[in-house]
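This report goes through selected features of one structure.

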Amino acid sequence: MPKTLILTRHAKSSWDTPRMDDHDRPLNKRGRRSAEAIGDWLRARGLVPDEVLCSSARRTRETYERMRFDTPAEVTDTLYLVTANQILRELSGATGETVLLLGHSPGIGQLAAEILGDDPPAHPRFHDYPTGATLVVRFDVDSWDKLAWRSGDLVDFTVPRDLLEN
């Protein structure tokens, strides 16, 4: 059975408290709305994760909470500010059929660019992978540890601005 990856960068975070530790920054108002819109967009496409891998940073945890899925999240420090290679290693231990992975730039955008087998989406914001960017990719593998670079098939891509302007 093919595997589906939902790759989401955390929604927009607040910089209201400049001395706050980066790991502890919450979402701002726009980020909260954006996370809800991404969750709605995924549900409308029948994309409900059966496994969730989430960075331990407050903004990624809040993004997932605002997406309003019932699947318990595996919150881990190993997804906080890491490279695409490190994200792929973490993903190789997944067991679900549809995995939602929430992380940070630049690693998550690098992974998105390198995991697709064909050309990336023609979306003008794909290459900078802004906050809330969400890529859906399907893989013809029966186990996540068989993932390889350039092996995914594009299903869809969006950013919150596309969803909130409608």
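## Aromatic rings

Phe126, Tyr129 and Phe157 are linked into a cluster by ring pairs; rings of Phe, Tyr and Trp (its six-membered ring) pair if their centres lie within 6.5 Å, and planes under 30 degrees apart count as stacked, over 60 as edge-to-face and the rest as tilted. The structure is a predicted model, in which local features need pLDDT of at least 70 and side-chain atom pairs count only at pLDDT 80 or more, while totals for chains, interfaces and linings use all residues. Residues are numbered from 1 along each chain as its sequence is written, and side-chain values use heavy atoms, with hydrogens and water left out.

The structure holds four aromatic pairs. In one of them, Phe126 and Tyr129 have ring centres 6.0 Å apart and planes at 80 degrees, so this pair is edge-to-face. Phe126 is buried at a relative accessible area of 1%, and Tyr129 is buried at 2%; buried means under 20% relative accessible area, exposed over 50% and partly exposed in between, with a 1.4 Å probe and protein chains only. Phe139 and Trp144 also form an edge-to-face pair, with 6.1 Å from centre to centre and 70 degrees between the planes. Phe139 has 2% relative accessibility and counts as buried, as does Trp144 at 1%.

## Helices H3 and H4

Helix H3 covers residues 84-91 and helix H4 residues 107-115. Helices (H or I, at least four residues) and strands (E, at least two) are DSSP runs, numbered from the N terminus. The axes of H3 and H4 come within 8 Å and cross at roughly 75 degrees, which makes H3 roughly perpendicular to H4. Axes are lines fitted to C-alpha atoms, for helices over the stretch in contact, with angles from 0 to 180 degrees between N-to-C directions; under 35 degrees counts as roughly parallel, over 145 as roughly antiparallel, 65 to 115 as roughly perpendicular and the rest as oblique.

Ala84, Ile87 and Leu88 of H3 meet Gly107, Ile108, Gln110, Leu111 and Ile115 of H4, where contact means heavy atoms within 4.5 Å.

## Glu90

Glu90 lies in helix H3 and is partly exposed, with a relative accessible area of 21%. Apart from its neighbours within four places in sequence, Glu90 is in contact with Leu53, Glu74, Thr76, Thr78 and Leu79. Thr76 is 14 residues from Glu90 in sequence and 9.7 Å away in space, C-alpha to C-alpha.
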